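I set out below my notebook entries on a single protein chain and its ligands. The sequence and structure come first, followed by what I looked up.

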Amino acid sequence: MIFNRELLRKYFIMGSQNCHRDPNAVLEEALAAGITTFQFREKGTGSLSGEKKLQLGRELRERCRAHDVPFFINDDIELAEELEVDGIHVGQDDMPVKEVRTRFSDKIIGLSISTQEELDRSPLELVDYIGVGPIFTTSTKEDSKQTVGLEWIHTIRAQFPDIPIVAIGGIQTENAHSAIEAGADGVSFITAVTEADDIKEAADKL
Ligand SMILES: Cc1ncc(COP(=O)(O)OP(=O)(O)O)c(N)n1
Ligand SMILES: Cc1ncsc1CCOP(=O)(O)O
Ligand SMILES: [Mg+2]
């Protein structure tokens, strides 16, 4: 799939551990509500592994295909082929980007950037976009780094005027606009949708 920064606009991330009900139903509502990308992030307390993770991944993958929305895998490179993913998101402690790019020349690759040091030493020319955050406080990621604030988006934009940026961490309907105003191309979010009473309304506002 060819990368286009518009795909970052409403980037929904989810695993079964984030859902109070059937993850298939949650994703289906989010797709119907207009998310532009989905990342399968089955990780942390209560998450599935092995065959159950694979099975859920297959189901969610098919839903994205039916809506023509790109399907990304978080961290788990081994599932990339099995699930015929469109893209892979890795962080600084995951498989190095150089290796991911060598193995998957035709997939979209995203990399997390939280500090100036990470920005300086990362091979940005090998990735399609960067995930920048945590912008605001989040309790969703168990090993979350220190909050970086909107200023961090401005800082990166000043150094890299054209790099595709998606903001992450504590993005809710009330603050999503501020990340875009700071220079992000899109927002990524988990609880803004998984905790929403009305997913359609939340996705519209986002
Ligand atoms: C779009 C996007 N941006 C950042 C992250 C975080 O990745 P990482 O730092 O590797 O942390 P985990 O998500 O793996 O816990 C992301 N997943 N997606
Ligand atoms: C995966 C991830 N990476 C940085 S913060 C975060 C969690 C985002 O979850 P939420 O949108 O609920 O704050
Ligand atoms: Mg990771």
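At which residues does UniProt place the feature "binding site"? I found that the unreviewed entry gives Gln 39, Phe 40, Arg 41, Glu 42, Lys 43, Asn 74, Ser 112 and Lys 141. UniProt positions are in the numbering used here, feature names are shortened, and annotations may be inferred rather than shown by experiment. The lining of the largest pocket includes Gln 39, Arg 41, Lys 43, Asn 74, Ser 112 and Lys 141 of these. I took a pocket as an open set of points on a 1 Å grid over the protein atoms alone, where a 1.4 Å probe fits, with protein on both sides within 12 Å along at least five of seven lines; lining residues have an atom within 4 Å of a point.

Basis of the entries. I note that this is a predicted model, in which local features need pLDDT of at least 70 and side-chain atom pairs count only at pLDDT 80 or more, while totals for chains, interfaces and linings use all residues. Residues are numbered from 1 along each chain as its sequence is written, chains are lettered from A and ligands numbered from 1 in the order written, and side-chain values use heavy atoms, with hydrogens and water left out.

Phe 40. I located Phe 40 in strand β2 (residues 37-40); strands are DSSP runs of E, at least two residues, and helices runs of H or I, at least four, numbered from the N terminus. Phe 40 is buried, at 0% relative accessible area (buried is under 20%, exposed over 50%, partly exposed in between, with a 1.4 Å probe and protein chains only). Its contacts (heavy atoms within 4.5 Å), not counting residues up to four places away in sequence, include Met 14, Leu 56, Phe 71 and Asn 74.

Ser 112. I placed Ser 112 in strand β5 (residues 108-113), where it is partly exposed at 22%. The side chains of Ser 112 and His 89 are joined by a polar contact of 2.9 Å (N or O atoms within 3.5 Å, one able to donate a hydrogen and the other to accept it; residues adjacent in sequence count only if both atoms are side-chain atoms).

Magnesium ion (ligand 3). I recorded Asp 75 (OD) and Asp 94 (OD) as its protein donors, 2.1 to 2.2 Å away. Donors are N, O and S atoms within 2.8 Å of the metal (3.2 Å for Na, K and Ca); water is not among the atoms, so sites may look incomplete. Asp 75 lies in the loop between β3 (71-74) and α3 (78-82), and Asp 94 in the loop between β4 (87-90) and α4 (97-103), so the pair ties together parts 19 residues apart in sequence. Asp 94 is partly exposed, at 25%.
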